[in-house]
Amino acid sequence: MSNIALEVRDLVKSFSLDGATINAVDQVSFQVRSGEFVALVGPSGSGKTTMLSILAALLTPTSGQVLIDGQDLARMNEKQRVKLRREKIGFTFQSNNLIPFLSARENVEFMLRLNGRLDHASRIRSDELLARLGLSDRLHNLPAQMSGGQQQRVAIARALIHNPAVVLADEPTASLDTERANQVVETFANLIHENGRAGIIVTHDLRMCQYVDRVLQMQDGKLVRTYENKKEIRELARGSIH
Amino acid sequence: MKNFFLASYLAIKEVIRNRGRFLLVALVIALITLLVLFIAALGEGLANGNRQYVANLDAQLIVFLEKSDFSISSSRLETNTVKSVRRVDGVADAGAIYTSSTEIVSLPEPLKVSMLGAEPGRPGMPPVIAGREFRGGEAREAVMDRNVALRTDIEIGDVIQIRSTQGTEDEFFDLEVVGLVEGQSYFFQPTIFVPPATWEIIRPQSQSELTSDTPYPNIIAVKLADPLQTETMSARLVDEISNIEVANIETTINNIPGYSAQQGTVQTQGFFTLLIGILVIGGFFQIQILQKVPQIGVLKAIGSSNGVVGLSAVIQIIVVTMIGVGIGGGLTYLFSLGFPPTIPLVFNGSRSLIAVILLLVIGPLGGMVSIIYAVRIEPLKALRLG
Ligand SMILES: Nc1ncnc2c1ncn2[C@@H]1O[C@H](COP(=O)(O)OP(=O)(O)OP(=O)(O)O)[C@@H](O)[C@H]1O
Ligand SMILES: [Mg+2]
């Protein structure tokens with residue numbers, strides 16, 4: 001049985017704006033195993049990005065626990081969190097993913113550089129990864145010379161290249177057409193499964209759920225439903241469940 | 001060390017990929033450099049023009065008339081003071097110096113010069129680098145600053161004519177040029193040297209002065225047996241000789257009319273140019289950092305430390321400043337080649353070096369705010385902006 005890469009216990013994140021407090025994440029608990037690909041779905045404002053930011057150690061929760069590879073984020077200082085982000089986490093953001101003055105290849109390799117692991121073998125791996133994401137002919141393009149979808153794929157490569165324990169992707173398909181989106185998420189799912197990462201993908205598009213092992217549905221910060229059954233997930237992806 | 005490589009990588013990649021933008025700032029820095037170096041050179045040139053003769057004197061102390069406030073032109077000493085000075089214990093030698101201003105008219109374009117009377121072989125008379133020293137007495141001979149020779153094509157052996165207002169009338173005197181000295185500009189004019197007795201006859205003088213034939217020296221240059229004993233010797237001279245005051249070379253230079261004011265002006269100009277430099281560089285990098293908030297957010301979010309982000313900003317500013325100062329230095333050199341010798345620009349090593357160091361410092365100084373800003377960017381907020 002594969003180990004638990006990510007564990008969330010009673011997680012709460014509240015924001016107070018003008019005196020009113022809202023719970024962007026409200027008492028959420030779940031686990032993700034290595035090699036498991038999970039979708040986080042829910043309406044806009046339901047707390048998905050907030051959730052992901054906490055998992056990526058970019059945001060401190062109000063209460064509750066996050067364990068990555070068994071390490072409790074709350075017990076780390078900022079320096080350790082920075083180290084965790086660069087070693088154990090791969091992250092793609094909703095937008096503004098790439099370093100604008102680095103080419104596609106350099107953006108991916110930068111993750112290796114950060115970890116002091118850029119060598120001949122890892123360079124080859126990085127080019128192979130970009131090739132699998134359909135970017136062989138874009139290696140030398142700067143982000144501004146790529147479409148939004150191509151940029152997202154570069155970001156996915158960057159999120160995977162350093163063999164992180166947990167890969168978090170916030171709406172990587174938002175700027176892709178359906179066909180491209182399917183391709184990208186399928187490749188993403190394959191890479192997660194092959195390499196035994198714990199993957200979480202946030203998406204608006206329920207059709208993308210066909211590639212995941214489990215779907216977590218959020219609403220108003222709460223985890224309202226989990227789909228684990230293959231058949232249920234397939235139906236959800238086809239649009240027969242709401 | 002790893003941080004340094006990472007930071008350099010980021011800094012330099014960004015500069016190369018945005019070379020147009022960075023070149024523009026580098027050019028602005030280059031122009032500021034050009035300006036600062038020229039102001040420094042002008043300062044040095046003006047200073048030289050004013051003080052060169054005094055600064056190069058083979059003497060440590062200058063004797064003035066009491067209450068002359070160390071002003072060479074208002075000091076008139078008794079003729080025999082120089083003999084008294086030579087008798088003071090600890091004085092190696094002393095020479096009287098007579099100053100005035102005149103004009104060489106035997107040229108297509110009259111040239112204003114400082115005409116100094118000095119005694120051959122005594123302090124006050126600079127070493128002759130070509131030709132010979134003038135004979136004493138009332139010999140109509142002159143030794144000339146090489147600068148004059150360069151500007152006018154006058155050669156050793158030529159006879160020059162000077163104009164001198166005697167009372168109410170212009171009179172003309174012929175002098176044979178017998179030798180050259182170097183670097184002896186005084187009062188912002190090139191100098192010619194003549195024997196004291198000749199000086200007394202041919203110098204411009206008022207009606208009342210015409211009646212006297214005794215030359216009164218303005219100052220006396222005193223060479224000490226022990227050059228380090230300026231304090232003690234100054235006190236001793238004032239003590240033993242009446243009606244005098246004594247200054248060292250530095251004080252004398254600072255009291256040359258206009259010298260301090262002029263240097264102050266030049267330094268203020270230089271200071272403000274550097275200040276403008278700081279503001280321009282600071283402004284540019286601050287605006288740039290505001291545009292870069294999302295990318296810095298990404299860098300931090302994927303695990304770059306504040307150290308790397310800050311260091312990269314510092315390296316970038318230093319690199320751009322160095323390129324700018326380099327271009328500016330090169331431009332200054334090229335321009336300086338084309339400048340006529342009449343413009344008082346002197347590129348003095350130490351002054352230029354100080355200017356270059358200051359210029360290299362103003363980059364990081366100007367960029368300081370932006371660096372602090374970069375380090376403080378919170379990754380999540382930065383990402384939410386996008
Ligand atoms: N820094 C903040 N301060 C105050 N409220 C915030 C902050 N960040 C998020 N929120 C609020 O928390 C809630 C959840 O936001 P979040 O961005 O996580 O939603 P989301 O599910 O990612 O939405 P979308 O699908 O539109 O990206 C929203 O109501 C949002 O307004
Ligand atoms: Mg979101």
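Which residues are linked in a network of salt bridges? Here they are: Arg86(B), Asp93(B), Glu119(B) and Arg122(B). By salt bridge I mean a side-chain nitrogen of Lys or Arg within 4 Å of a carboxyl oxygen of Asp or Glu.

Okay, quick housekeeping. This is a predicted model, where local features need pLDDT of at least 70 and side-chain atom pairs count only at pLDDT 80 or more, while totals for chains, interfaces and linings use all residues. Residues are numbered from 1 along each chain as its sequence is written, chains are lettered from A and ligands numbered from 1 in the order in which they are written, and side-chain values use heavy atoms, with hydrogens and water left out.

Back to salt bridges. Over all chains, the whole structure has 28 of them. Take Arg51(B) and Glu44(B): their closest N and O atoms are 3.2 Å apart, and both residues are buried. Buried means under 20% relative accessible area, exposed means over 50%, and partly exposed is in between, using a 1.4 Å probe and protein chains only.

Over in chain A, Arg75(A) pairs with Asp72(A), with 3.9 Å between the closest N and O atoms.

Helices here are DSSP runs (H or I, at least four residues), strands are E runs of at least two, and both are numbered from the N terminus. Lys83(A) is partly exposed at 41%, and so is Glu87(A) at 34%.

Now, how do the chains meet? 23 residues of chain B are in contact (heavy atoms within 4.5 Å) with 26 residues of chain A. Together the two chains bury about 2,300 Å², 67% of it on carbon and sulfur atoms. That's the accessible area (1.4 Å probe) that two parts lose on being put together, summed over both. Two salt bridges run between these chains, and Arg17(B) makes one with Glu106(A), at 2.6 Å.

Last stop, the metal. The magnesium ion, ligand 2, is coordinated by Thr49(A) through OG1 and Gln94(A) through OE1, at 1.9 to 2.7 Å. Thr49(A) is in helix 1 (residues 48-55) and Gln94(A) in the loop between strand 6 (89-92) and helix 3 (104-114), so the pair ties together parts 45 residues apart in sequence. Donors are N, O and S atoms within 2.8 Å of the metal (3.2 Å for Na, K and Ca), and water isn't among the atoms, so sites may look incomplete.
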